[in-house]
Amino acid sequence: PILEPGKTEQAVYFPVTSHWFNIETDEIIAGGQTKLIQTHPAYIPTYIRAGAFMPLAKPMQTTTAYDAANFQLQYYHHDDVSQSQRDFYFDDGTTQGAHEKGAYQILTFESEIEGQWLEIDFEAETGKNFGANSKTIDLTVHNIQKQPNQIKIDGKKVEGIYNSEYKTLTLKVVWDTNKEKEIRVKLSK
């Protein structure tokens, strides 16, 4: 935390267990070091671990406007992370004891590097009293150094949007959560 007014930099320790992405700039910092980080008047410098999945909701004024069927999913790819998995819990936001009543869904996102391919799998566990539905996910994969040679979703070739400045690949994925979804990206070397 910055406790002094007008301070323009802060020493930050980055744990040795990972590489760390600046979520505003995608700058990657190796773990196991302390760095002086410039403060910014518009945002708090925030870092995320390499291999992490981060879901983001679209901007809204109140939680009643939350739409669990449409969201962004950020994946912070790094060659040092050969596999990663994260689970995210969803319910209707109003049912008390939703998990115990089977009124929930757990979405699992997994990544794995297989040779030149980055594979990202989506799986869902749906409680017996939760209506599984289709989700539209804007998937952004960070740290893709070159335009991918090939992209497949469930074995079918698709096009994505590659941003050469930020080294990101964005895909629109429509997912029936009753089935697994497989995304494969052939990385250019």
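Predicted model: local features only at pLDDT ≥ 70, side-chain atom pairs only at ≥ 80, totals over all residues.
Not counting residues up to four places away in sequence, L139 touches L73, I120, F122, L169, T170, L171, V173 and I183.

I turn now to the largest nonpolar core, which has 25 residues. Which of its residues touch the most other members? They are L73, F109, L118, I120, F122, L139 and I183. Two or more residues come from each of these strands: β7 (70-76), β8 (83-91), β9 (104-114), β10 (117-126), β11 (134-142), β12 (150-153), β15 (168-176) and β16 (181-186). The largest contribution is that of β15, which gives four residues. As a general remark, nonpolar side chains tend to be buried together in soluble globular proteins.

The next topic is the aromatic residues. Over the whole structure, 10 aromatic pairs are found. One of them joins F71 and F90, with 5.9 Å centre to centre and 35 degrees between the planes, a tilted arrangement. Since F71 belongs to strand β7 and F90 to strand β8, this pair ties together parts that are 19 residues apart in sequence. F71 and F90 are both buried.

Another pair is formed by F88 and F109. Their ring centres are 5.8 Å apart and their planes stand at 45 degrees, so this pair is tilted. F88 lies in strand β8 and F109 in strand β9, so the pair ties together parts that are 21 residues apart in sequence. Both F88 and F109 are buried. These two residues also belong to a cluster, in which ring pairs link F53, Y75, F88, F109, F122 and W175. F109 and F122 from this cluster were already named among the core residues that touch the most other members.

Let me move to the backbone. Most residues other than glycine have a negative phi. Which value does phi take at D26? It is positive, about 65 degrees, although D26 is not a glycine. D26 sits in the loop between β2 (19-22) and β3 (28-30). Is D26 buried or exposed? Its relative accessibility is 14%, so D26 counts as buried.

N143 is another non-glycine residue with a positive phi, in this case near 70 degrees. The loop between β11 and β12 holds N143. With a relative accessibility of 15%, N143 counts as buried, because the cut-off is under 20%.

N143 leads me to the pockets. It is one of the residues lining the second largest pocket, together with H77, H78, D79, I144, Q145, K146, L187, S188 and K189. This pocket holds about 150 Å³ of space. By class, its lining has two nonpolar, five polar and three charged residues.

The largest pocket contains about 240 Å³ of space. Which residues line the largest pocket? The lining consists of P1, I2, Q10, V12, I37, Q38, T39, H40, Y43, I44, P45 and Y47. Among the contributors, β1 (9-14) and β4 (33-38) each supply at least two residues of this lining. What classes make up the lining of the largest pocket? Eight of its residues are nonpolar and four are polar, with no charged residue present. The lining of the second largest pocket, by contrast, includes three charged residues.

Notes: Residues numbered from 1 in each chain as written. Heavy atoms only, no water. 1 Å grid on protein atoms, 1.4 Å probe; cavity = no way out; pocket = protein on both sides within 12 Å on 5 of 7 lines; lining within 4 Å. Points joined across faces, edges and corners; volume = space filled by probe spheres on them. Nonpolar A, V, L, I, M, F, W, Y, C, P; charged D, E, K, R; others polar. Core = buried A, V, L, I, M, F, W, Y, C linked by side-chain atoms within 4.5 Å. Buried < 20%, exposed > 50% of the residue type's maximum accessible area, 1.4 Å probe, protein only. Contact = heavy atoms within 4.5 Å. Phe/Tyr/Trp six-rings, centres within 6.5 Å; stacked < 30°, edge-to-face > 60°.
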